[in-house]
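Please keep the sequence and the model at hand while reading.

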Amino acid sequence: MHFVNISYKIQNIHIMRYDLIVIGSGPGGYVAAVKAAKLGLKTAVVERENLGGICLNWGCIPTKALMKSAQAYNYAKHAANYGVKVDSVEADLNAMVDRSRGVAQTMNKGVEFLLKKAGVEVVMGTAKVKPNHIVEVDGTDYEAGHIIIATGARSRVMPAMPQDGKRIIGYREAMTLREQPKSMLVCGSGAIGSEFAYFYQSIGTQVTLVEFMPQILPNEDEEVAAQMSRSFRKMGMKVMPSCSVEKVDIEGDVCHVTVKDLKKNTETVVDVDVVLSAVGVVTNLEGLGLDETGIKYERGKIEVDDWYRTNVPGYYAIGDVVHGPALAHVASKEAICCVEHIVKGEAVKVNYNNVPGCTYTTPEVASVGLTEKKALDAGYEVKVGKFFFKASGKATAAGNTDGFVKVVVDAKDGKILGCHMCGDNVTEMIAEIVAAREQGLTAHQVAQAIHPHPTMSEAVMEALEAAYGEAIHG
């Protein structure tokens, strides 16, 4: 729906009118705004902090910069393995942090440019939705035919670990520490926890990684989790699955962390300089005006249909604030689906059964679809194929042979039920399987495609062939 007049006055109040207002400029919000503007809607985006949201400023992008710094440091430390003589190597945390913040700033400017190029108006401030298609930003009302809520999420604070920003920290503080701690306990081994655990262990901090579930990276395949545990322990990290943090007592510069072994029902105290709480996120819904507007939500998630429409006409929600994986690429896909349905009345639904997940440690982890256990539990008859990177020429030449590719194939029709990777650069490889699954290709069809040699991606072909006993190198 397009409005002819840009603005009008009611009772001497100047109200700006738009076709669409997006609240939040993260990977869901800014993509929705740019897409809408390109489709002809007069669009505004409201942001209270930094354009690009958490992902570009405090999440996906700056953490990857830190991971790259850790990787470069480790390459330099082991340069002799590659025939390179290096006299002295030192990790400079301040320089790493400065580089990471610089990368985030660059991406922030990139989003600003994209919005400006598309003709999207940026309104800085804190937004609140109101009835009758009104968005209030710091006391000023704006009106739109359509309103998309994309306010994202923040670090979850646990009662046993109240964050003070100094001794008990969240991901933001972990990304900007200016003094390297000698020791750190990381609670939570999902992507965020594992990545920070890897980073700090890599640069010389003694890390203890605590996970409530029986395995680290709880959402990943059991064999992948076991490989990551081995790789972490090989670095010198202490890995504690099936454990919980009961309390943290701070005494001077020391955190006395009481950790309970859930299997043995015993407790031990771990003394560290810093505790990083990485136990998930909580959505940003407070003060948003949902109750006043009548928008339904439950357990911190806004209820939406397949097109991201809430129960109140003209109001939509995407990204972390709705049910589904809290991932940047999912939010972006939801944004496109939502906007296309607003403009065209139709759109391609998001396929939540084919969402890839990535963890950017070393080795990396990437996966899509069902794990072997979940496939069996679902009643599938499966064929499983594996290829270990120790047999890969490219991995051997690179000096990084930890890990493998594992595929789970439906024994009846040959469709790929899932793929699970652990190894160097596997996050760059998973898209092949995502695309194959989206198009309904069989394991044989993907394996028949010529994969370049020598590459890490050959492992996908080898694993698929191994599922049928046809691998040459496996």
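P454 is placed in the loop that runs between α13 (443-448) and α14 (458-466). The peptide bond leading from H453 to P454 is cis, with omega near -5°. The model is a predicted one, and the points below are grouped by topic.

**Cis peptide bonds**

- Besides the bond from H453 to P454, which is cis, a cis peptide bond joins T362 and P363, where omega is about 0°.
- P363 belongs to the loop between β21 and β22, whereas P454 belongs to the loop between α13 and α14.

**The open sheet of five strands**

- Five strands make up an open sheet in the order β21-β22-β25-β24-β23, and their pairing is antiparallel.
- The edges are held by β21 (357-359) and β23 (382-388); each has a single partner strand, so one side of each is left without a neighbour in the sheet.
- From one strand to the next, the twist averages 10°.
- Strand β24 (residues 404-410) pairs with β23 in the antiparallel sense, over seven bridges.
- Within this pairing, F404 in β24 stands opposite F388.
- Helix α7 packs on the sheet and touches β22 (364-369), β23, β24 and β25 (416-423). The direction of α7 makes about 5° with that of β25.
- In a regular strand, side chains alternate between the two faces of the sheet.

**The second largest pocket**

- The second largest pocket holds about 650 Å³ of space.
- Its lining comprises 22 residues, of which N74, H78, T362, G399 and N400 are the closest to the centre of the pocket.
- One of these, T362, is also joined to P363 by a cis peptide bond.
- Three helices, α3 (60-77), α6 (191-202) and α7 (222-235), each supply at least two residues of this lining.
- Helix α3 gives the largest share, with four residues.
- Sorted by class, the lining has 13 polar, five nonpolar and four charged residues.

- Side chains of opposite charge can pair when their charged atoms come close.
- The side chains of K64 and E195 meet in a salt bridge, with 3.4 Å from N to O.
- This pair links distant parts of the chain, since K64 is in helix α3 and E195 is in helix α6, 131 residues apart.
- Helices α3 and α6 also each supply at least two residues to the lining of the second largest pocket.
- The count of salt bridges comes to 21.

**The cavity**

- Rolling a probe the size of a water molecule over the atoms shows where empty space is left.
- A search of the whole structure finds one cavity of 30 Å³ or more.
- About 30 Å³ of space lies in the largest cavity.
- The residues that line the largest cavity are S155, Y171, I192, S277, A278, V279, G280 and V281.
- By class, five residues of this lining are nonpolar, three are polar and none is charged.

**Hairpins and positive phi values**

- V129 has V135 in β6 as its bridge partner.
- The hairpin of β5 and β6 has three residues between the strands, and N132 takes a positive phi near 65° there. N132 is a residue other than glycine.
- Strand β6 also pairs with strand β7 (residues 140-149), again in the antiparallel sense and over four bridges.
- V135 has a bridge partner in β7 as well, namely Y142.
- Two residues lie between β6 and β7 in their hairpin, and D138 in the turn has a positive phi of about 50°.
- Strand β14 (residues 254-261) and strand β15 (residues 266-272) run antiparallel and are joined by seven bridges.
- The bridge partner of V257 in β15 is V270.
- Four residues separate the strands in the hairpin of β14 and β15, where N265 takes a positive phi near 55°.

Note on methods
Residues are numbered from 1 along each chain as its sequence is written. This is a predicted model: local features need pLDDT of at least 70, side-chain atom pairs count only at pLDDT 80 or more; totals for chains, interfaces and linings use all residues. Side-chain values use heavy atoms; hydrogens and water are left out. On a 1 Å grid over the protein atoms alone, a cavity is a set of points where a 1.4 Å probe fits but cannot get out, and a pocket is an open set with protein on both sides within 12 Å along at least five of seven lines; lining residues have an atom within 4 Å of a point. Grid points are joined across faces, edges and corners, and a volume is the space filled by probe spheres set on the points. Ala, Val, Leu, Ile, Met, Phe, Trp, Tyr, Cys and Pro count as nonpolar, Asp, Glu, Lys and Arg as charged, and the others, Gly among them, as polar. Two strands pair if DSSP finds at least two bridges between them. Axes are lines fitted to C-alpha atoms, for helices over the stretch in contact, and angles run from 0 to 180 degrees between N-to-C directions. Contact means heavy atoms within 4.5 Å. A salt bridge is a side-chain nitrogen of Lys or Arg within 4 Å of a carboxyl oxygen of Asp or Glu.
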